[in-house]
Amino acid sequence: MMGAHYGHNPRMDLLERFDDQVRRAGADEVGISSGDNWAAVLWLPPDVEQAVARIRDLPGHKEWKLYGHDPDWLRGRLQSLGLEPQDEEAVMVIEAAALPAPPADVELRDDPDAFVELAAEVFGERHELPANAAAVVAFIDGKPVSSGRVDLDPDTEFAGLYGGVTLPEYRGRGLYRATVLKRAEIARERGYRWLFVDALPTSRPILERIGFTQLTTTTPYVFGPDPAASSSD
């Protein structure tokens, strides 16, 4: 993938790189990418019905991420198979070298334990840090108040930013921005060229102000309630 030949239209070239190196990478023969207690379909597989049936039976969080440049018919097919759309996200990208250094007046630490605890406090679920990820946590008066991780997968130019969270009482103080810049610094030091984020409307304006632009969109599709499980028989 890293040695693949791409086209000459810069935007389409970047989208093709993203599809090759992020969406296709790591999928099994059915088209499913998986990790610790999660599974997702990121790329259109050869057999949609087979992929849905397979992922339905897997444990943990599972979703089909439909992208804005996927075939138009796929949306209806997924819904007919029992998957329901969630909020659309903007896939935002930037060259890591284009971002400045993180601010010196924010205490930022690589602290996996604090990252896991803060995410569990906010989301109500505890998940360990993935093996290829680095955690960045912002501290105020010794207290972890904002965090995010950067996934540093092998054989790709793209580092993914995930898990961004800030305690409500500490929002509006530039802490999310600071964690993004620190994660960008880590990615640069590890040799990654691009950063990407699946951004909700709450984080998109912050990312745009520091130079991120939209590459495409993605909509998670998840399984709705099982009718059999909710029957009163």
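1. Let's start with strand E11. Nine of the eleven residues of E11 are buried, so this strand is largely enclosed by the rest of the structure. Here "buried" means under 20% relative accessible area, "exposed" means over 50%, and "partly exposed" covers what is in between (1.4 Å probe, protein chains only). Helices (H or I, at least four residues) and strands (E, at least two) are DSSP runs, numbered from the N terminus.

2. A word on what you are looking at. This is a predicted model, in which local features need pLDDT of at least 70, side-chain atom pairs count only at pLDDT 80 or more, and totals for chains, interfaces and linings use all residues. Residues are numbered from 1 along each chain as its sequence is written, and side-chain values use heavy atoms, with hydrogens and water left out.

3. How confident is the predictor? The score to know is pLDDT, the predictor's confidence in each residue, from 0 to 100. For this protein the mean pLDDT is 92, and 93% of the residues reach 70 or more. Over residues 227-233, however, the pLDDT is below 50, and this stretch has zero contacts in the model beyond near neighbours in sequence. Where pLDDT is low, the predicted coordinates should not be read in detail. A contact, here and below, means heavy atoms within 4.5 Å.

4. Now the overall picture. The protein has six helices and eleven strands. Its radius of gyration is 19 Å, close to the 17 Å that the globule rule gives for 233 residues, so the protein is as compact as a globular protein of that length. That radius is taken over C-alpha atoms, and the rule is 2.2 Å times the number of residues to the power 0.38. Along the principal axes, the C-alpha atoms fill a box of roughly 55 × 55 × 30 Å. Of the 233 residues, 46% count as buried. Among contacts with a separation of 6 or more, 66% come from residues 24 or more positions apart.

5. Back to E11 (residues 213-223) and its partners. Two strands pair if DSSP finds at least two bridges between them. E11 pairs with E3 in the antiparallel sense over four bridges, and with strand E4 (residues 83-85), also antiparallel, over three bridges. Five bridges join E11 to strand E5 (residues 89-95), again antiparallel. You can find these pairings by eye: Trp64 stands opposite Tyr221, Leu83 has Phe223 as its bridge partner, and Val93 stands opposite Thr213.

6. Which residues does Thr219 touch, not counting residues up to four places away in sequence? They are Trp64, Lys65, Leu66, Arg75, Pro85, Gln86 and Glu88. Thr219 is found in strand E11, and at 5% relative accessibility it counts as buried. Leu66, one of the residues it touches, stands opposite Thr219.

7. Follow E3 (residues 61-67) next. This strand is mostly covered, with five of its seven residues buried. E3 pairs with strand E2 (residues 38-41) in the parallel sense over four bridges, and Trp38 stands opposite His61 in E3. E2, helix H2 (residues 48-56) and E3 make a right-handed β-α-β unit. Right-handed means that, with the strands pointing away from the viewer, the path from the first strand over the helix to the second runs clockwise.

8. Strands E8 (residues 143-151) and E9 (residues 158-166) pair in the antiparallel sense over five bridges, and Val150 stands opposite Leu161 in E9. They form a hairpin with six residues between them. E9 also pairs with strand E10 (residues 194-199), in the parallel sense over four bridges. The chain crosses from E9 through helix H5 (residues 175-189) to E10 in a right-handed β-α-β crossover.

9. Two aspartates deserve a look. Asp155, in the loop between E8 and E9, has a positive phi of about 60 degrees although it is not a glycine. At 57% relative accessibility, Asp155 counts as exposed. Asp141, in the loop between strand E7 (133-140) and E8, has a phi near 50 degrees. Asp141 is exposed at 81% relative accessibility.

10. Finally, is Gln21 buried or exposed? Gln21 is buried, with a relative accessible area of 3%. It lies in helix H1 (residues 10-23), and its side chain makes a polar contact with the side chain of Thr156 (3.3 Å). A polar contact is a pair of N or O atoms within 3.5 Å; within protein, one must be able to donate a hydrogen and the other to accept it, and residues adjacent in sequence count only if both atoms are side-chain atoms.
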